[in-house]
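Reader: Hi! I'm new to protein structures, and I'd like a close look at one part of this one. Could you walk me through the surface and its charged pairs?

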Amino acid sequence: MYKLSGIASITGSVLTGPEDPQVTSFMYDSRAIQPPDSTLFIALRSGRNNGHRYIGELVERGFKAFLVEEGQVETRDFPSASFLVNGNPLRALQVLAAHHRSHFSIPVIGMTGSNGKTMVKEWLYQVLNDQLNI
């Protein structure tokens, strides 16, 4: 659990808005079901989509905390919401994840790519299950 101001200091973001809410979950897909009062929506841009387009809809659904890219949204248009404004929200998310993981001493294996992740995940489970809690 983080206060929005704490996330701002970790990620180098600028906090604007009326509140400093507690954040217990993170979301980057506006279709996901998350508690609106304690979820930080991270507006990411990709070649196919722009998460900033969904901010108005999310505010209407009761979301109050957003991590946005500088220059992508007029925060004054949403006076009930608080915003972390950052030059690169994806990088800010990566910094926050690294900060959170630094509190634990467990091994992490990451898999990326378009093909084979499930097969590799299952293979690693079979290989490591006897030695580690997977």
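**A look at the surface**

Author: Ile109, Met111, Met119, Val120, Trp123 and Val127 form a nonpolar patch on the surface, and together they have about 600 Å² of accessible area. That area comes from the Shrake-Rupley method with a 1.4 Å probe, and for residues only the protein chains shown count as cover. Patches take residues with over 30% relative accessible area and no salt bridge; like charges are joined within 9 Å, nonpolar side chains (Val, Leu, Ile, Met, Phe, Trp, Tyr) within 5 Å.

This is a predicted model, where local features need pLDDT of at least 70 and side-chain atom pairs count only at pLDDT 80 or more, while totals for chains, interfaces and linings use all residues. Residues are numbered from 1 along each chain as its sequence is written, and side-chain values use heavy atoms, leaving out hydrogens and water.

Ile109 sits in the loop between helix H3 (89-101) and helix H4 (117-128); helices (H or I, at least four residues) and strands (E, at least two) are DSSP runs, numbered from the N terminus. Ile109 counts as exposed because its relative accessibility is 52% (buried is under 20%, exposed over 50%, partly exposed in between, with a 1.4 Å probe and protein chains only).

Now the charged pairs. The structure holds 5 salt bridges, each a side-chain nitrogen of Lys or Arg within 4 Å of a carboxyl oxygen of Asp or Glu. One of them joins Arg45 to Glu69, with the closest N and O atoms 2.9 Å apart. Glu69 is buried, at 15% relative accessible area, whereas Arg45 is partly exposed, at 48%.
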